[in-house]
Amino acid sequence: MIEVRPGGRRRIDRVLSPDYTSGIEGRDLGAVRELRDEAAQEETDLSYLRRLLHVRIDIVRAEQRRRCEDGSASVVEQLVSILSDNAVGPATGSGRYQTIEPSRAEAHRRQVEALVSDVDLSDVMSLSDAKLDAALRAYTSEEDSVSQRRREVQAVVDRLNSEIARRYREGAASVDDLLAQERDST
């Protein structure tokens, strides 16, 4: 479960702090963009964590399905199909095109592995039904928590993007200034 700690030092604590976007109308455009970029990085990291959880959920469900259907093909033999089932078709949820890479990929992987430390998905066929059920409950519970936090972070990103767009719409910011600033920084 991802907890937000008021006054905490982690990025998620800052981004989901009630005062993170307070007074943004009075901040300069660069400061608003910095806040937006920090929140967008947190969204990317949460999205990555969700993907890790979804893969594990899909593997556990595939093994449960194989057992119910008395299938002979191992999950390893079905892995490409399992992982691609959710990769094709119409997108669902509030996903966004991500232009940045996760910043804490290894930490997220360890977090997911620690959820069910006694469940080794590398040999999923040897696990008992009870261990598979427990793993699925742990993974889906964590995915629910991550999804909720991700939606909260997306709302912050939306708020900051709206403020930036408002400034351009009302003439308080200009694309020419942005392009000049980018040229100067290269």
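This is a predicted model: local features need pLDDT of at least 70, side-chain atom pairs count only at pLDDT 80 or more; totals for chains, interfaces and linings use all residues.

Before anything else, a cut-off for my own use: I call a residue buried when its relative accessible area is under 20%, exposed when it is over 50%, and partly exposed in between.

Entry 1: I looked up Arg150, which sits in helix α5. Its relative accessible area is 7%, so Arg150 is buried. Ile12 is 138 residues away along the chain, yet the C-alpha atoms of Arg150 and Ile12 are separated by 9.8 Å.

**Entry 2: the overall layout.** I went through the secondary structure and got six helices and zero strands. Written in sequence order, the pattern is α-α-α-α-α-α. The chain has 186 residues, and 35% of them are buried.

**Entry 3: helix α5 by itself.** I took the span of α5 from its first C-alpha to its last and got 58 Å for 41 residues. That is close to the 60 Å expected at 1.5 Å a residue. Just after α5 I found Gly171 with a positive phi of about 85°.

**Entry 4: α2 against α5.** How do these two helices, α2 and α5, pack? I have α2 as residues 29-68 and α5 as residues 129-169, with an angle of about 155° between them and their axes 7 Å apart. Angles over 145 degrees count as roughly antiparallel, so that is what I call α2 and α5. The crossing of α2 past α5 is left-handed. I also sorted the residues of this contact by class: 21 are nonpolar, seven are polar and 17 are charged.

**Entry 5: a salt bridge between those two helices.** With charged residues in that contact, I went looking for pairs. As a reminder to myself, side chains of opposite charge can pair when their charged atoms come close. Glu143 and Arg50 do form a salt bridge, at 3.1 Å from N to O. Glu143 belongs to helix α5 and Arg50 to helix α2, so the pair links distant parts of the chain, 93 residues apart. I checked accessibility for both partners, and Glu143 and Arg50 are each buried.

**Entry 6: the other bridges.** How many salt bridges are there by this rule? I count 14. I wrote up two more of them.

- Arg66 pairs with Glu63, and their closest N and O atoms are 2.7 Å apart. The two are three residues apart in helix α2, so about one helical turn separates Arg66 from Glu63. Arg66 has a relative accessible area of 14% and is buried. Glu63 is buried too, at 0%.
- Asp13 and Arg10 meet through their side chains at 2.7 Å, N to O. Here I asked which side of the cut-off Asp13 falls on, buried or exposed? Asp13 has a relative accessible area of 3%, which means it is buried. Arg10 has 32%, so I put it down as partly exposed.

Glu63, Arg66, Arg67 and Asp129 are linked by salt bridges.

**Entry 7: two more spot checks.** Asp58 is in helix α2. At 16% relative accessibility it counts as buried. Leu79 is 21 residues from Asp58 along the chain, and I get 9.5 Å between their C-alpha atoms.

Where is Ser103? I found Ser103 in the loop between α3 (75-85) and α4 (105-115). Its relative accessibility is 43%, so Ser103 counts as partly exposed.

**Entry 8: to keep for next time.** From the packing I keep the roughly antiparallel arrangement of α2 and α5, together with the Glu143 and Arg50 salt bridge. From the charged pairs I also keep the network of Glu63, Arg66, Arg67 and Asp129.

Terms used
Residues are numbered from 1 along each chain as its sequence is written. Side-chain values use heavy atoms; hydrogens and water are left out. Axes are lines fitted to C-alpha atoms, for helices over the stretch in contact, and angles run from 0 to 180 degrees between N-to-C directions. Helices (H or I, at least four residues) and strands (E, at least two) are DSSP runs, numbered from the N terminus. Angles under 35 degrees count as roughly parallel, over 145 as roughly antiparallel, 65 to 115 as roughly perpendicular and the rest as oblique. A crossing is left-handed if the near helix is turned anticlockwise from the far one by less than a right angle, and right-handed if clockwise. Ala, Val, Leu, Ile, Met, Phe, Trp, Tyr, Cys and Pro count as nonpolar, Asp, Glu, Lys and Arg as charged, and the others, Gly among them, as polar. The expected span of a helix is 1.5 Å times one less than its number of residues. A salt bridge is a side-chain nitrogen of Lys or Arg within 4 Å of a carboxyl oxygen of Asp or Glu. Buried means under 20% relative accessible area, exposed over 50%, partly exposed in between (1.4 Å probe, protein chains only).
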